[in-house]
Amino acid sequence: MKTPPTVVVFIYSFFFVSRVPSLTTMASEEKASDLPLEYQMDNKQRVLALIFNQEHFDRKLNLNQRRGTAKDKASLTERFQELGFKVKAYDDIKKKTMLCILRKAAEANHTDADCFVCVFLSHGDDGHVFARDNTVDIKEITALFKGNRCRSLVGKPKIFIFQACRGKVHENAVTPLARGDSEMSSEVVEEAAILCTPPAGEDFLMCYCVSEGFVSFRNPSNGSFYIQDLCETLQEQASTLEFTELLTLVNLKVSRRCAANNKQMPCFTSMLTKKLYFKPKKERMTHKEISRVAILNTTVQLCRSQALSQGRDFVMPKTLTEGSVAAVCSSSASAKAFIRSIDKITENNAAVDLPSHYFFNPIYHFDDETFLRGRDLITSGVSIVKASVKEQSYEAARAKLGEVLHTLQDFYSHGNWIELGNDTPYPNLIKPSSSIENIADYGPLTRTTDPDVFKRKINALTADGGGDIPEMCLSGLQLALTGSPPQTEIFVFTDADAKDLSLKSTVLALIERTKSSPPLASLWCSVLHHFQ
């Protein structure tokens, strides 16, 4: 029998070892009343919603054009953006491209994310959905996001929505419950083929526009019955209704529609383990908004310093706008030119989050503890900006500045700098020769099978400071779990409270999913208290 690997996690200081019951055992002994009732939806990001919109298909598939699906895509994009998602929509893509996008999404770091959403607007056939050129197995899609392949989404909702037919049977209306005469008289087309319900896994929610074996309907002008009712209900009640209750209301709305005396009955299969609410997040500024405000503020401060150094009066504008800043700076250029310059910078900033640019590259977002490489990206980018300005290549300078600002902003939004109590910028981010200490308060992860390397790493550890300052205990444990093979024996040494207890359910889910076997040595203070 193969011996399971061992992982040791040190959270800053370590003073003693005492064996405690495993987290798995503690979790199994928890009373039902102690279990969390709702998914944690207050992470830094709502994160990603993918929409695959298939309107046209290769001739060999003999499938009709899906007129009206553009309306569905637009409605879904608007609704999910309102809920705080980064929406990435793709039109008429081929199977290879679709699977590549899905794999990258599954491999991305979702640690700071609430959940994941994926929507397919297409035809269906026997457990598959159609890409432009071929069928894609739904089981293959969902397998990418199961815990053994996408650990950063363990314990988080994974929502898949399918607008595609699941059969060829028409469901006759017992009584005509149409929502309006105009809808009954408008042109309605059937979606094509069969879509069987595949098993998914824990924390999956599979949403279907129609029950298995039946056809669904789509209006070429207004979009599909199901998606339009879903979007309407999201707009009206997403922030107040539990999500499966919202889906039940959508079922009711769609069931009251009629198309030539035929009805459509949606359904969903829930493997969620908690209640799911999309309550509004605390309002956050976008990358574009942060950059715009920073540019205006920096510009007006520079103009003020220059005026005072020249002995001139300077009156700060009451509100910072492109026009007010241009006016007080006595700029010879028009406010319109100033706006164009800011737009160039902010648009290139936002473009970093596009899949066609650097959305899946962790270096541009300070994900996966890529501190040194992220810092190098910033410092080299600053050098390019300066060189471009010197050569009077201002458009190139603005484009590169936008990219640099995005990565710089992500250091503070994705990292732990603010949570560590810092209220000033981290100066080493813009110094190419400076060192970058462990600002994550945990990690980096070292993987080795060499006992000598292991001993050197252990012997290199030192303890200083003290005071039992709260530490990122569960973050370190999560890093170990996501970086270790299944059935790993893990030990944690710490002497202080954990300040990241919000990760408790995620860590428990990871332990159960990976079948890792604590004992976890000395989960001390509030960590031990909260796990008992």
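**Strands and helix pairs in the predicted model**

Strand β4 (residues 116–121) is mostly covered, with six of its six residues buried. Buried here means under 20% relative accessible area, exposed over 50% and partly exposed in between, with a 1.4 Å probe and protein chains only. The structure is a predicted model, in which local features need pLDDT of at least 70 and side-chain atom pairs count only at pLDDT 80 or more, while totals for chains, interfaces and linings use all residues. Residues are numbered from 1 along each chain as its sequence is written, and side-chain values use heavy atoms, with hydrogens and water left out.

The protein chain holds 16 helices and 17 strands. Helices (H or I, at least four residues) and strands (E, at least two) are DSSP runs, numbered from the N terminus. Of the 532 residues of the chain, 47% count as buried. Contacts were also examined by sequence separation, contact meaning heavy atoms within 4.5 Å. Among contacts between residues at least 6 apart in sequence, 80% join residues at least 24 apart.

Both faces of β4 are covered. Phe116, Cys118 and Phe120 are buried on one side, and Val117, Val119 and Leu121 on the other. Two strands pair if DSSP finds at least two bridges between them. Strand β2 (residues 48–53) pairs with β4 in the parallel sense over five bridges. Isoleucine 51 has valine 119 of β4 as its bridge partner. β4 also pairs with strand β7 (residues 158–163), in the parallel sense and over six bridges. Here valine 117 is bridged to isoleucine 159 in β7.

β7 in turn runs parallel to β11, joined by five bridges. Isoleucine 159 has leucine 205 of β11 as its bridge partner. Strand β11 (residues 204–208) is mostly covered, and five of its five residues are buried. Phe204, Met206 and Tyr208 lie on one side, with Leu205 and Cys207 on the other. Strand β16 (residues 267–270) runs antiparallel to β11, and four bridges join the two. Tyrosine 208 is partnered by cysteine 267 in β16.

Two helix pairs were examined next. Packed helices are described by the angle between their axes and the distance between the axes. Axes are lines fitted to C-alpha atoms, for helices over the stretch in contact, and angles run from 0 to 180 degrees between N-to-C directions.

The axes of helix α11 (residues 371–390) and helix α12 (residues 394–414) come within 9 Å and cross at roughly 155°. α11 and α12 are therefore roughly antiparallel. Angles under 35 degrees count as roughly parallel, over 145 as roughly antiparallel, 65 to 115 as roughly perpendicular and the rest as oblique. The contact includes Phe371, Leu377 and Val385 of α11 and Tyr394, Leu401 and Phe411 of α12. Its residues divide into 14 nonpolar, four polar and one charged. Ala, Val, Leu, Ile, Met, Phe, Trp, Tyr, Cys and Pro count as nonpolar, Asp, Glu, Lys and Arg as charged, and the others, Gly among them, as polar.

Helix α14 (residues 473–483) and helix α15 (residues 504–514) pack at about 25°, with axes 10 Å apart. α14 and α15 are therefore roughly parallel. Leu474, Leu477, Gln478, Leu481 and Thr482 of α14 meet Lys504, Thr506, Val507, Leu510, Ile511 and Thr514 of α15. This contact divides into six nonpolar, four polar and one charged residue.

Serine 291 lies in helix α8 (residues 287–309). Serine 291 counts as buried, at 1% relative accessibility. Neighbours within four places in sequence aside, serine 291 is in contact with Thr346, Asn349, Leu405 and Gln409.
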